[in-house]
Amino acid sequence: MKVVDFLRFLFKMTISKSQLLRDIDTLRNEISDLKKMLIPFNGEEMELLSLNQSNVSKRKRFSKVTKGIFNTIYYEPLIAYGIKNYSNNQKLILICSTTDEFVYLFKGNTTHVFMNDTEAGVLTSDGKFYSIKNKLLALIDGADQLQSHTVWIQGKDMGYINNPRFVSKSIPRAYNLLKTMSQEEQNIFLCLTLVNLVEEAQLN
């Protein structure tokens with residue numbers, strides 16, 4: 001299911017389809033300069049992703065967008081993001097690398113996840129990631145007070161993501177003990193962990 005087709009159902013009675021489409025485009029435009037700075041993304045660079053941020057712009061009185069970049073351990077820009085908050089516990093997050101774009105539509109206790117304009121699944125507040133056919137694909141132990149979170153994909157431990165709230169001066173890696181993944185597993189892993197990284201960074 002495409003983002004365009006799903007927006008009206010997801011946000012009906014609160015935010016119009018046209019407004020959400022405009023907001024997605026606004027986020028794309030807001031972080032377009034950041035995206036131009038990113039180095040090419042691949043599996044090797046993914047393992048070098050750090051908790052270090054740069055080019056961070058917090059939401060201000062006349063701007064409802066928060067944006068920034070996550071760098072590698074060598075201070076190279078790898079992931080860009082933008083966040084727009086709405087009333088009634090709704091939120092829109094866009095995260096991109098040079099190869100992929102992730103859109104997260106938050107409403108209540110569920111988050112609908114889109115990768116490259118196609119729905120990837122639904123993420124629940126307890127860290128479970130379901131396919132559009134309601135099959136449990138993955139799980140992340142996402143409690144904010146933990147220093148790291150384990151990610152399971154189809155019952156297999158695939159590695160850990162560290163919590164930016166506990167970042168140290170040594171600029172630790174974002175991921176630890178990553179297992180070898182297929183492309184599908186890597187996509188699921190990124191869908192789960194990138195939004196976790198961005199959201200927890202806002203709690204600092």
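These are my notebook entries on a predicted model of one protein chain.

**Ground rules.** I number residues from 1 along each chain as its sequence is written, and I take side-chain values from heavy atoms, with hydrogens and water left out. Since the model is predicted, local features need pLDDT of at least 70 and side-chain atom pairs count only at pLDDT 80 or more, while totals for chains, interfaces and linings use all residues.

**Entry 1, the whole chain.** I looked up the secondary structure and found five helices and 12 strands. Helices (H or I, at least four residues) and strands (E, at least two) are DSSP runs, numbered from the N terminus. Of the 204 residues, 49% are buried; buried means under 20% relative accessible area, exposed over 50%, and partly exposed in between (1.4 Å probe, protein chains only). I also looked up contacts, meaning heavy atoms within 4.5 Å. Among contacts with a separation of 6 or more, 45% are between residues 24 or more positions apart.

**Entry 2, the sheet.** Two strands pair if DSSP finds at least two bridges between them.

H2 covers residues 17-30, which is 14 residues, and I read a span of 20 Å from first C-alpha to last, close to the 20 Å expected at 1.5 Å a residue. The expected span is 1.5 Å times one less than the number of residues. Leu20, Asp23, Ile24 and Leu27 are buried in H2. They lie on the same side of H2 because they cover an arc of only 100 degrees around the axis; the arc is that of the directions from the helix axis to the C-beta atoms.

I found seven of the seven residues of E4 buried. Gln90, Leu92, Leu94 and Cys96 point one way from E4, and Lys91, Ile93 and Ile95 point the other way. In a regular strand the side chains alternate between the two faces of the sheet. E3 pairs with E4 over six antiparallel bridges, and Ile83 has Ile93 in E4 as its bridge partner. Four residues separate E3 and E4 in their hairpin, and Asn88 in the turn has a positive phi of about 60 degrees. E4 and E5 pair over seven antiparallel bridges, with Cys96 opposite Glu101. Leu78 is in E3 and counts as buried at 0% relative accessibility. Its C-alpha atom is 7.4 Å from that of Pro40, 38 residues away along the chain.

E9 (residues 136-140) and E10 (residues 148-153) run antiparallel and are joined by three bridges; Ala138 stands opposite Ile153. E10 and E11 (residues 156-162) pair over six antiparallel bridges, with His149 opposite Ile161.
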